[in-house]
Amino acid sequence: MARFKIRISNFIVIFIIIFLTFVIISDNNAENILSSISGRVLDENGQGVPDLLIAIKPVKFGPHISLKQRTPFPIWLRTLTDMDGNFTIKNIDPVSSQLTLFPEHGSDFELQSIEIGDLTFYSIAFRRAMPTWFGKLTFSIEPGEHLENVIVNIKTPRMRIRGRVLYEDGTPLMNEEISLSISSRSTQIREGGITTTSSGTLGRNFETDNEGYFVTYSQDEAANYKISMTYKGFTLQSDTIVLGEGERHDELVFILKNTKKTKKRESVWVVNPANGNAYKKIQCYSCKDAKSKAESENAYLVAINDEAEQKWLQGLYKDRAFFWIGLRVPVNDAPWQWDSGQPLTYTNWRKGQKPDNITTNSGMAGIAMEFSSKKWMTIGQNSPFSRAVKQAIIEKDKENITVPDVKK
């Protein structure tokens, strides 16, 4: 069969790629049937690329053909390629998605094209004068469809400056719009020994990715660059960045200080009138850290004993965030129980999230309330979700409550 390649020649083709890049229309009546994609990632020399993190980013179409992230990044499906560059991503919802390297702007490679059977689809997201959201490989998979032997071609990026925006405590500025003012100055020696100097300034808005990265591309010429970054009234400026022809600078970091957003304030205790116990939201680095902080306050990670308590907590803590709760996967077929010692009498599991097999290795897995529905899900130490859970709900028995602690 002949190989058909879609090449970028005019705006019509660009428009088609945005909407129809290996599109297979999904059946809304069967949206709960999950799909998968598998294949191999190859570099510019046709060699498999090992240990490369790739992800499926759920997206939706917004105004003016733009694409918006549909769900928070912790629940993106992702995987590492093996030693030969092979990968498999399962449990894909049959909705619009993007295949992306991860982090989106922080990868050392760029996604160039995808081959499915005899068709090759090209990304134009990293071409000169194109915004990085424009022309990424967006697709839908038919419910229950399993795309196999897909070839993902990647390449080393062209001239670029990659930066990252962090708060003072190292937390990335995630999915936020920033303004960049990029000044360049270049010197050229022409025939006859004539030296010419050119300079210019370009201002553009960018959006950081889920790890706080952004990327801007040069005009493929040697120059000295300075970048000013502005975020909500705070402006920071880089040192001079010298780029030779074909070079990249990937180590730019802006640190936001004194923004009052480094850490959220810890909440106060709130009493549940139904049982008289007090509850509090805390910040934490891990499930273990949350448990330690709870114990330091003579409390424990929350035990949810009935549907009424679950709904009360959902109404109290409406943040679109994950929360650790006081449940662990038991070891060696031990009975389920809360950190407080209470038996498990009520459950609110997210579909498919209750562990079927309880082994000696399962005891390290904690349970969290999911960011949106607040249903429960299992999160192990190696889960990609573990880094996203930075809050917990702790509980204190009414016998241990003192008046100054409690907001009534």
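1. A polar contact is a pair of N or O atoms within 3.5 Å; within protein, one atom must be able to donate a hydrogen and the other to accept it. In this predicted model, such a contact is found at the start of helix α3, where a side-chain oxygen of aspartate 306 comes to within 3.2 Å of the backbone nitrogen of alanine 308.

2. Overall make-up. The protein chain has 3 helices and 27 strands. Of its 408 residues, 45% are buried. Among contacts with a separation of 6 or more, 72% are between residues 24 or more positions apart. The accessible surface of the chain is about 21,700 Å², and carbon and sulfur atoms account for 49% of that surface.

3. Helix α3. This helix spans residues 307–316, and its buried residues are Glu309, Gln310 and Leu313. Viewed down the axis of α3, the buried residues fall within an arc of 105°, so they line one face of the helix. The face turned away from that buried side carries the exposed residues Ala308 and Lys311. Alanine 308 is also the residue whose backbone nitrogen is approached by the aspartate 306 side chain. The cover over the buried residues of α3 includes strands β21 (278–283), β24, β25 and β26 (391–396).

4. Helix α2. Just after the helix, asparagine 298 has a positive phi of about 55°.

5. Cysteines. How many disulfides does the structure hold? There are 0. Cysteine 284 is in no disulfide, and the nearest cysteine sulfur, that of cysteine 287, is 7.7 Å away. Cysteine 287 is likewise in no disulfide, and its nearest cysteine sulfur is that of cysteine 284. Cysteine 284 is buried, with a relative accessible area of 4%.

6. Aromatic pairs. The whole structure contains 9 aromatic pairs. One of these is formed by tryptophan 336 and tryptophan 349, edge-to-face, with 5.6 Å centre to centre and 75° between the planes. Tryptophan 336 and tryptophan 349 both lie in the loop between β23 (323–328) and β24 (366–369), 13 residues apart. Both of these tryptophans are buried.

7. A further edge-to-face pair joins tyrosine 346 and tryptophan 376, at 5.9 Å centre to centre and 85° between the planes. Tyrosine 346 is in the loop between β23 and β24, while tryptophan 376 is in strand β25 (residues 376–379), 30 residues apart. Tyrosine 346 counts as buried at 15% relative accessibility, and tryptophan 376 does so at 0%. The cut-off for buried is under 20% relative accessible area. Ring pairs link Trp336, Trp338, Tyr346, Trp349 and Trp376 into a cluster.

8. Threonine 208. Leaving out residues up to four places away in sequence, threonine 208 touches Val165, Leu173, Met174, Asn175, Glu176, Ile178 and Tyr213. One of these, leucine 173, has its backbone oxygen 2.6 Å from a polar atom of the threonine 208 side chain. Threonine 208 and arginine 164 are 44 residues apart in sequence, with a C-alpha to C-alpha distance of 7.9 Å.

9. Threonine 100. This residue is in strand β7 (residues 97–101). Threonine 100 is buried, with a relative accessible area of 6%. Apart from its neighbours within four places in sequence, threonine 100 contacts Ile54, Ala55, Lys57, Trp76 and Leu111.

Key:
Residues numbered from 1 in each chain as written. Predicted model: local features only at pLDDT ≥ 70, side-chain atom pairs only at ≥ 80, totals over all residues. Heavy atoms only, no water. Helix = DSSP H or I, 4+ residues; strand = E, 2+ residues; numbered from the N terminus. Buried < 20%, exposed > 50% of the residue type's maximum accessible area, 1.4 Å probe, protein only. Contact = heavy atoms within 4.5 Å. Phe/Tyr/Trp six-rings, centres within 6.5 Å; stacked < 30°, edge-to-face > 60°. Arc of directions from axis to C-beta. Disulfide = S-S within 2.5 Å. Areas by Shrake-Rupley, 256 points an atom, 1.4 Å probe, with all protein chains shown as cover.
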